[in-house]
Amino acid sequence: MDQVEITFLLNGVTQRRMVQPNRVLIDLLRGEFGLLGTKLGCDQAVCGACTVLADGDPVAACATFAFEIDGREVRTIEGLSEDKLHPVQQAFVDNAAFQCGYCTPGMILLAAALLDREPDPDEATIRNWLSANICRCTGYKMIVEAVQQAAAAGRGRGRAK
Amino acid sequence: MNEQTKLRTIGANLPRKDAQEKVTGAAIFTDDISLPGMLQAKVLRSPHAHARVLRVDASKAQALPGVVAVATRDDFDGMSPFYGYLIKDQAVLATDRVRYIGDMVAAVAAENDATAYQALDLIEVEYEPLPSLPEIATALADDAPELFDGDKPFGVANPYGTGASGYVYPRKNVCYQFDYETGNADAFARCDHVFEDTFTFSRLQHMHLEPFVSVARWTIDELEIWSASQSPFVVRKELARVFAHPENKIRIHVPYIGGGYGAKNACKTEPLAALLARKARRPVRLRFTAEECFLTNTQHASIHRLKTGVMQDGQLIARKSEIFLNSGAYADASPLVAEKAGYRINGSYRWQHIDTKCYCVLTTTAPAGAFRGFGGTQAAWASESQIDMIAHRLGIDPYDIRMKNLLNLNEPYVPAESGIDSDLREGLSLVADRLGYRNRRRRRGRGMGLSVVVKDGGGANKPAHAFVKATTTGGVIVGSGTTEIGQGSTTALTSIAAEVLNCERDRVSLTPVDTHASPYDQGTFASSGVAIMGKAIEIAANKVKREVLAFAAEDLDCDPGDLVLQDWTIRRGNEVHPLAPMIMKHFGGPGFEFVALGYYKLPADHDAPLETKIPYWENGWGGAEVEVDEETGQIRVLQLIISSDFGRAINEGACRGQDEGGAMMGLGQALFETMVYDGDTLLTPSPLHYRVPLASDLPDRFQSILQEQGRGPGPFGTKGGGESGILTVASAIANAVEDAVGVRITDLPITPEKVLAALDRQKADGEA
Amino acid sequence: MQGSYGNIAAFRLHRPTSAAEACSLVGELGDRVALMAGGVDLLQDLKAGLPIEHLIYLKAIKQLRRIEACDDSVRLGACATHHDIETDAVVAEYLPSVAGIWGDVANARVRIAGTIGGNILAGNARYDGLPPLIALDATAIFETVAGTRRTRVDEVLGDRNAILSAIEVPKRYGRYFAFDRSLKPAVSVAVSIAADRGKVEHVRAGIGCAHASPVGGRLPIDPGTSLETLAKSSVELAAAFAQSLPEPIEDLTASSAYRRRMIALQLARQLRALCEA
């Protein structure tokens with residue numbers, strides 16, 4: 001099987017790799033780059049625990065081939081913040097918007113993607129957007145409140161990417 | 001609510017202790033454990049619901065390049081291959097029979113997943129299909145085949161006290177029976193009315209996002225395992241017996257667990273992973289797919305036949321219950337669930353006579369086991385539904401009938417049992433008010449329903465050990481076997497130590513859970529973390545504190561009673577004496593650690609029905625308002641108000657999260673979430689097919705009320721609360737539907753079609 | 001069997017830059033070929049062990065992703081994602097009701113990854129792509145080596161070597177269109193009305209979840225009927241249409257009778273709502 005060359009930005013750093021065409025993105029991130037924050041949940045692209053951002057869009061890393069990110073910018077949970085927490089991360093901390101933590105990286109990235117598109121979403125929009133990912137622990141309301149706090153904190157500031 | 005003295009850490013509502021790790025993706029779970037040379041394992045599962053296994057030949061699989069080990073029933077030399085809670089009926093791999101579609105038959109360990117799957121295709125198995133037992137009724141039919149014929153698996157009933165009894169394999173296809181009786185059956189004769197109703201409860205799957213997973217390796221002498229296990233010490237004991245290998249040479253590590261809700265108790269992946277690792281002589285990772293998780297452990301579906309005798313004024317007198325739990329193909333935790341499903345069917349009320357029989361019926365479906373609520377969710381569905389039905393039949397408001405019959409504060413749940421430690425009426429009033437229940441405007445199509453559920457909490461006869469160490473410079477390390485499954489134990493347990501030692505919570509760390517190094521714990525279940533393990537930690541921390549004060553008193557030549565410990569300094573009046581220099585003066589430069597072990601268990605009480613008085617009562621209140629579309633039968637939940645009494649909240653966010661998370665699970669079960677078996681086939685085999693609540697399912701108004709009635713036996717008046725959230729929701733919604741449109745749904749989920757069919761019948765009856 | 005991502009067959013990747021190139025490839029590469037757009041359904045099949053040797057990746061072909069206005073219709077490239085459709089200016093201008101509804105299909109991640117072509121070719125009765133497109137009287141356009149072929153959007157094209165290149169949606173239905181998914185997975189009902197100055201020309205419905213694959217078609221009304229009259233006769237019209245459909249499926253989600261009843265009910269309700277808007 002011929003390998004394919006991919007060049008992409010990973011958490012702000014350019015990477016170039018040769019990959020098997022059938023290599024899946026989550027395997028590349030966890031196996032090749034040691035970025036364990038992206039969690040494998042259902043492996044059916046239903047739960048969204050493996051959500052990462054590709055050009056700012058939330059995608060299931062378990063259902064994306066590595067070749068699909070060629071030329072794109074990928075951000076994992078590890079790349080969301082540098083010295084201090086991203087507003088969404090901080091809001092999750094402040095609102096205890098997590099419990100077991102397994103859905104949390106994916107959920108945070110999903111929320112960050114929403115706020116990048118819509119800095120001031122109403123509650124219905126937040127609920128609709130968040131329903132892309134499953135959380136079995138929290139019952140969602142505290143996550144919604146965290147997103148609302150992050151939106152309020154981000155108002156007036158530039159994109160935190 | 002009691003006046004509570006302000007504490008430093010308890011109730012300070014700091015961010016959760018595991019927050020930074022979890023929001024940055026740094027938290028390590030079992031999936032993140034990778035060992036050099038680690039192999040991937042896959043399992044061959046039975047395609048038949050019931051069959052004899054005539055032949056298993058894995059030789060072709062073994063020969064496939066990239067396959068390092070295969071395991072079948074031929075590998076059990078020197079092993080006792082059966083495990084289980086009270087009944088050891090489940091084999092590491094099928095021996096002579098398979099008993100449900102999904103039963104494990106053989107396994108391979110290979111260099112990668114793809115090779116492992118190819119290898120599975122090469123394993124030859126010859127089956128002789130047998131009649132299946134897809135449902136409770138089939139299993140109990142006179143002509144039903146025995147799922148376990150001949151010599152029964154080894155099993156022991158639990159010992160019980162007043163009124164309770166348990167039996168192993170009392171009749172065909174029933175692996176356990178729990179009975180409870182108090183009072184006298186002639187109480188029914190006194191009643192003005194006797195109502196008989198049957199309720200059916202559905203089956204949920206835990207669907208924790210992290211699957212069952214373990215990594216096993218054998219070194220020269222020792223079996224070492226990393227596992228997402230809620231009860232590593234129990235698993236260790238089982239593995240010791242299964243492999244005839246001493247417990248001191250079995251070591252189990254438990255990282256963060258990605259959700260459990262009860263599923264991850266006792267042996268799941270560990271025995272098979274250990275077997276493969278031993279054969280492969282390399283580490284083996286056994287990770288179940290989501291689909292395999294559905295085939296491993298589920299909630300119990302059940303049938304409840306309640307015969308309830310009451311007086312005209314609504315006073316509850318007598319209840320006779322027959323409960324059938326669908327235990328699936330193997331017992332797993334069913335005997336324990338039967339105890340609780342049986343014990344909790346009385347609900348929150350006072351009775352003169354109770355007669356309960358609860359049967360664990362074996363069927364050829366996925367094994368049912370521990371699931372949040374543990375028989376109490378089932379009991380609440382039946383009991384809190386029937387209370388409303390009785391109220392309507394008698395022309396009494398459902399709120400009033402509850403107020404009339406609720407157990408009083410400190411009133412024993414049943415004779416010889418501990419007293420209820422929450423004011424149940426206070427809680428009901430709180431929820432009713434928040435809902436707007438009393439004096440509401442009544443109109444057809446919109447209704448409200450209430451529910452109050454009492455659940456024994458903290459386990460029965462459950463011991464807890466913990467240690468606390470304090471270093472030279474005041475770092476505190478707590479050792480405990482409680483696992484963090486998301487419930488917030490990391491936060492709660494470190495907070496307790498910090499409070500006792502009067503230091504910042506940031507100065508307190510937990511040791512990782514490691515059966516070699518952690519003190520013994522039976523497992524993270526029964527909402528026992530705060531009330532039982534927390535006590536052990538409080539005791540240990542207090543011992544450390546006493547030792548430190550005694551040490552300082554000797555140094556300062558005074559009485560320990562004159563001294564106060566604060567932030568690792570000793571205060572004597574206005575004097576401040578830092579401890580570190582004192583310690584180094586005494587022990588030298590390298591310093592010292594103060595260490596103490598704490599042990600806590602409530603005494604056994606052979607009078608009490610469950611052999612010990614229940615430590616505390618985990619009580620939940622719920623209220624729902626719904627709007628019913630009478631043309632489609634669709635229910636819209638306008639409000640869902642739930643409340644629990646946490647005694648005293650260590651961390652509000654953690655308490656609230658547990659309650660709301662449980663409530664949304666209850667909402668899903670009430671309206672749509674269910675495992676659907678069509679005969680032997682699971683039609684909802686994985687997340688792709690199995691609908692769970694999403695953010696879009698949140699009710700318009702969803703609120704949890706955190707009560708702190710202050711009466712918990714845990715440190716500082718705390719109690720547990722991980723399970724009460726789920727208990728009230730289904731019945732509250734069913735009650736609201738009856739209030740809205742006068743139809744009663746007695747099985748779950750409450751689908752639009754069921755409601756519409758009931759409305760059609762109502763219309764037909766009206767026109768008749 | 002669910003499988004896992006580690007079980008995906010090794011394949012040779014082909015990334016054609018035009019639909020025509022993709023067509024030739026399909027013809028050349030034999031049987032063990034998969035076409036991939038968003039991969040939403042394909043990845044499931046591959047994880048379960050679908051034995052392919054070649055993968056032809058279509059989603060990057062600009063021509064297949066384009067959304068453009070034609071004289072009487074809007075042409076949606078087969079590889080346009082749901083998100084593309086939801087946010088596209090052409091869709092917003094000519095099919096305003098469609099844009100709004102497309103923002104609600106599936107979930108945020110699937111709207112980004114999934115394509116309209118992949119959605120309808122998946123053949124899943126519960127998916128949200130076909131019922132609206134049936135109601136909108138959409139046409140499917142296929143490229144083959146022999147040229148272009150057009151079919152009704154709910155017709156299955158038997159040609160393995162044809163590549164779905166676009167879906168054409170007539171503009172005339174774009175204003176009055178509604179899609180009720182509140183009773184999924186029992187039924188989903190899409191309705192559209194083509195009306196000119198208050199006079200109805202066509203009424204169409206698309207029904208999902210209730211049959212092996214979505215069904216639908218035209219409701220029998222006299223051209224020139226007023227919206228008011230249509231609203232008044234919505235119950236009878238909807239009932240008759242529901243009766244005319246094949247027997248809905250009976251499964252553990254819902255009975256056939258319930259499905260048929262709800263089709264009639266939701267159809268009537270939506271007709272009234274559209275007429276009164």
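Mentor: A residue counts as buried if 20 or more other C-beta atoms lie within 10 Å of its own, and as exposed if there are 12 or fewer. Keep in mind that this is a predicted model.

Trainee: Then let me try that on one residue. Is B:Phe371 buried or exposed?
Mentor: B:Phe371 has 25 C-beta neighbours inside 10 Å, so B:Phe371 is buried. You will find B:Phe371 in a loop of chain B, between β20 (353-362) and α10 (376-394).

Trainee: Which residues is B:Phe371 in contact with, leaving aside its neighbours within four places in sequence?
Mentor: Those contacts are B:Leu204, B:His206, B:Tyr261, B:Gly262 and B:Gln299. Look at B:Ala333 too: 38 residues separate B:Ala333 from B:Phe371 along the chain, and their C-alpha atoms are 9.4 Å apart.

Trainee: Thanks! How do I read a pair of packed helices?
Mentor: Two packed helices are described by the angle between their axes and the distance between the axes. Take α4 (residues 123-130) and α5 (residues 141-154) of chain A, which pack at about 120° with axes 10 Å apart. α4(A) and α5(A) are therefore oblique to each other, and their crossing is right-handed.

Trainee: Which residues meet where α4(A) and α5(A) pack?
Mentor: From α4(A) come A:Glu123, A:Ile126, A:Arg127 and A:Leu130, and they meet A:Ile143, A:Val144, A:Val147 and A:Gln148 of α5(A). Sorted by class, that contact holds 5 nonpolar, 1 polar and 2 charged residues.

Trainee: Let's move on to domains. How many residues of domain 1 of chain B are in contact with domain 3 of chain B?
Mentor: There are 18, and they touch 21 residues of domain 3 of chain B. On the domain 1 side, α13 (489-501) and α14 (529-556) of chain B each supply at least two residues. The largest share comes from α14(B), with 7 residues. By class, this side of domain 1 has 6 nonpolar, 8 polar and 4 charged residues.

Trainee: And between chains?
Mentor: The size of an interface is often given as the accessible area lost when the parts come together. Here we can count contacts: 43 residues of chain B are in contact with 41 residues of chain A.

Trainee: Which helix gives the most to the side of chain B that touches chain A?
Mentor: That is α16(B), with 8 residues. The chain B side as a whole divides into 22 nonpolar, 13 polar and 8 charged residues.

How values were computed:
Residues are numbered from 1 along each chain as its sequence is written. Chains are lettered from A and ligands numbered from 1 in the order in which they are written. This is a predicted model: local features need pLDDT of at least 70, side-chain atom pairs count only at pLDDT 80 or more; totals for chains, interfaces and linings use all residues. Axes are lines fitted to C-alpha atoms, for helices over the stretch in contact, and angles run from 0 to 180 degrees between N-to-C directions. Helices (H or I, at least four residues) and strands (E, at least two) are DSSP runs, numbered from the N terminus. Angles under 35 degrees count as roughly parallel, over 145 as roughly antiparallel, 65 to 115 as roughly perpendicular and the rest as oblique. A crossing is left-handed if the near helix is turned anticlockwise from the far one by less than a right angle, and right-handed if clockwise. Two residues are in contact if their C-beta atoms, placed from the backbone, lie within 7 Å. Ala, Val, Leu, Ile, Met, Phe, Trp, Tyr, Cys and Pro count as nonpolar, Asp, Glu, Lys and Arg as charged, and the others, Gly among them, as polar.
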